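Hi,

Here is the structure I promised to pass on.

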Amino acid sequence: MTPRLVTPLLVTCLRQRFSLRWHGIHGASHWARVRWNGLALSERTGANRTVVELFAMVHDVCRDNDSHDPLHGARAAQFLQELRGSVISLSDTEAKLLAYACTHHSDGHTEADVTVQTCWDADRLDLGRVGIRPQPRYLCTAAAKQADFLEHAFQRSRGRRNAS
Ligand SMILES: [Fe+2]
């Protein structure tokens, strides 16, 4: 059985580190939808699920504000280094992919390892929460660009509870 990644200890560390509104646009409900998007995408892309799941939980946790904060991804990568070994367990390869995914997730890139691409798509598919419909040209993977997948993610991001 795969060990649980999102442990109570990890959630405690995230709560302690996160300085914005827990239910705000970059808070826990966003992380949960990014996690859902990423795990669903990973079934189609073959992405590393450990990296995808931890990306969802950590990529925005070091934000200083809800608008322009270009270094928050790099801070998240540093924070992951602090958690590694005591709170989370990662191979060296996973740690490198996760650090890259976090550091560059808001830079607009689309080319990267497929696990990194899956992380970025999972995040971008949740833009409906701020009124933006994700555009396929800004997504990385064919799975995320698929019209029905994108539409379901968009509806979920807007709080349409029947979206599956
Ligand atoms: Fe995000």
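Below is what I found, from the overall fold down to single residues.

Keep in mind that this is a predicted model, so local features need pLDDT of at least 70 and side-chain atom pairs count only at pLDDT 80 or more, while totals for chains, interfaces and linings use all residues. Residues are numbered from 1 along each chain as its sequence is written, and side-chain values use heavy atoms, with hydrogens and water left out.

**Overall fold**

The protein chain has 8 helices and 0 strands (helices are DSSP runs of H or I with at least four residues, strands are E runs of at least two, and both are numbered from the N terminus). Its C-alpha trace spans about 40 × 30 × 30 Å along the principal axes. A compact globule of 164 residues would have a radius of gyration near 15 Å, and the protein chain agrees, with 15 Å. That radius is taken over C-alpha atoms, and the globule rule is 2.2 Å times the number of residues to the power 0.38. Of the 164 residues, 52% count as buried (buried is under 20% relative accessible area, exposed is over 50%, partly exposed is in between, with a 1.4 Å probe and protein chains only).

**The iron site**

Which residues hold the iron ion? H30 and H59 coordinate it through NE2, and D60 and D123 through OD, at 2.2 to 2.3 Å. Donors here are N, O and S atoms within 2.8 Å of the metal (3.2 Å for Na, K and Ca), and water is not among the atoms, so sites may look incomplete. Along the chain, the donors follow the spacing H-x28-H-D-x62-D. H30 in helix α2 (residues 28-45) and D123 in helix α6 (residues 114-124) are 93 residues apart, so this pair links distant parts of the chain. Both H30 and D123 are buried.

Why is the arrangement irregular? The 4 donor atoms subtend angles of 85 to 177° around the iron ion, which makes it so. Four donors would be tetrahedral with all angles between 85 and 135 degrees; four are square planar and six octahedral if opposite donors are over 155 degrees apart and all others between 65 and 115; anything else is irregular.

**Empty space**

Rolling a probe the size of a water molecule over the atoms shows where empty space is left. On a 1 Å grid over the protein atoms alone, a cavity is a set of points where a 1.4 Å probe fits but cannot get out; a pocket is an open set with protein on both sides within 12 Å along at least five of seven lines; lining residues have an atom within 4 Å of a point.

There is 1 cavity of 30 Å³ or more. The largest cavity has a volume of about 50 Å³, a volume being the space filled by probe spheres set on the points, with grid points joined across faces, edges and corners. Its lining includes A77, L80 and R84, and α4 (72-83) and α5 (92-103) each supply at least two of the lining residues.

The largest pocket has a volume of about 470 Å³. Of the 25 residues lining it, H105, S106, D123, R124 and L127 lie nearest its centre. D123 is also one of the residues that coordinate the iron ion.

N65 sits in the loop between α3 (49-58) and α4. N65 is partly exposed, with a relative accessible area of 25%.

Cheers
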